[in-house]
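Please examine the structure shown here and follow the discussion of selected side chains.

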Amino acid sequence: MADSFSKKENNKKKNKKLQDKQSRREDRKSNNNKGKSLDDMIVYIDINGNFTSVPPHLQNRDEDLAAAKKSRNVVETEDTVCNGTVTYTNEKGYGFITEEKTGENIFFHQGQINQPINKHDKVSFTKESTLKGDRAINIIKK
């Protein structure tokens, strides 16, 4: 009798699992939200490389192109002369200047230097804002 009781219990468990599986399958079918239309899935890229939902033929390319060219160039230049100390130089021709007022590190390139400078030299420079951050131009050794 013990065998028949355990067989009945096992059959009940199997039937319960099958019913649960069928109910989950029916729930998935009724709550299916995968059916997005093709228009909902399409994404376009504008002239700046950003995602947009506007098709290319409806985008105003002339204004976007002008804005992109402007943003690639230098953003702004400060007319004030700043003072600082050269904290790093490299034989490849670039380095960093620490500004005295703010303690900010400013990038510079060899093409912006009038005379050779070394680490710990005091310099004056004009700060220019670019897309990658500030950089020093018109560097003069004190």
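This is a predicted model: local features need pLDDT of at least 70, side-chain atom pairs count only at pLDDT 80 or more; totals for chains, interfaces and linings use all residues.

Tutor: Residues are numbered from 1 along each chain as its sequence is written, and side-chain values use heavy atoms, with hydrogens and water left out.

Student: Is Glu 99 buried or exposed?

Tutor: Buried means under 20% relative accessible area, exposed over 50%, and partly exposed in between (1.4 Å probe, protein chains only). Because its relative accessibility is 6%, Glu 99 counts as buried.

Student: Which side chain does the side chain of Glu 99 join in a polar contact?

Tutor: A polar contact is a pair of N or O atoms within 3.5 Å; within protein, one must be able to donate a hydrogen and the other to accept it, and residues adjacent in sequence count only if both atoms are side-chain atoms. At 3.2 Å, the partner of Glu 99 is Lys 127.

Student: Why is the pair of Phe 96 and Phe 107 classed as it is?

Tutor: Rings of Phe, Tyr and Trp (its six-membered ring) pair if their centres lie within 6.5 Å; planes under 30 degrees apart count as stacked, over 60 as edge-to-face and the rest as tilted. The centres of Phe 96 and Phe 107 are 5.8 Å apart and the planes lie at 70°, so the pair is edge-to-face.

Student: What is the relative accessible area of Phe 107?

Tutor: Phe 107 belongs to a cluster linked by ring pairs with Tyr 88, Tyr 94 and Phe 96. Phe 107 is partly exposed, and its relative accessible area is 31%.
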